[in-house]
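My entries follow the structure.

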Amino acid sequence: MTAKETKTGKRSGKRVVTKAHAFWYHICQFFLYLFIKLYFRSKYINSRNVPKSGPTLLVANHQSFLDPPAIGTGYYRMTNYLARKTLFKFKPFGKLIDSVDAIPLDQDGLGFQGVRETMKRLKNSEAVLIFPEGSRSFDGELAPFTSGYVAIASKTDSVIVPVAISGAFEAFPRTKKYPSPFKKRVVIEYGEPIPPEVYRSMTEEQANEYIVKKISEMYERNRPRPKSNPK
């Protein structure tokens, strides 16, 4: 069994992460952390808010290709990432992101397979990072969130952790082929975990609005500010 493989229980079909796979994941996580810390001066706020165990759905705004590694390197826990199917077409890169638990999804949405695999991993008490905006921001601002993730969290009894990332748009916007190191500090803030009993007390739309508000507040607190011109 290679470092990237996981084994599945024959009777239950439960995904079991091997020690070799966990070792490979954390090696990749460590070097990505060093790269992002060095080139984008990343700052992590309240990363301890991410539960160390149990089904956890991290919900974040989406600014850049930097978002998944920047968010996922802020804490030690292994996390599953959603990635467009097209990213798997280039085999070397596809194998790499597959080795760190990427879940392929259709570009226009999660799709049935993406939803099924996400729920499977949450039911297995794993952590999944999701971007409900669907695509990277065109201007750095938050776009409307689709609320379907609330139902996914509810059906899997998951804790929801709101996450806000800022500075990634300035460092690597969708209009650029390559990132611009040192341009702006990338800041990631992890909100307080929201247990099922809290968001289940609301409608799906109300829960989504509540979570978006939390993310917006963190984003506004940490977003890059224009330099003031001295008179």
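**Backbone and pocket notes**

I located Asp101 in the loop between α3 (91-99) and β6 (102-105); helices (H or I, at least four residues) and strands (E, at least two) are DSSP runs, numbered from the N terminus. The model is predicted, so I note that local features need pLDDT of at least 70, side-chain atom pairs count only at pLDDT 80 or more, and totals for chains, interfaces and linings use all residues. Residues are numbered from 1 along each chain as its sequence is written, and side-chain values use heavy atoms, without hydrogens and water.

I read a phi near 70° for Asp101, a positive value in a residue other than glycine. Asp101 is buried, at 5% relative accessible area (buried is under 20%, exposed over 50%, partly exposed in between; 1.4 Å probe, protein chains only).

I then turned to Asn46, in the loop between β3 (43-45) and β4 (56-60). Asn46 is not a glycine, yet its phi is positive, about 60°. Its relative accessibility of 43% makes Asn46 partly exposed.

Next I looked up the second largest pocket, which holds about 220 Å³ of space. A pocket is an open set of points on a 1 Å grid over the protein atoms alone, where a 1.4 Å probe fits, with protein on both sides within 12 Å along at least five of seven lines; lining residues have an atom within 4 Å of a point. The volume is the space filled by probe spheres set on the points, which are joined across faces, edges and corners.

I found 16 lining residues, with Pro162, Gly191, Glu192, Lys214 and Met218 nearest the centre of this pocket. β9 (187-190) and α8 (204-222) are the elements that give two or more residues to the lining, and α8 supplies the largest share, five residues.
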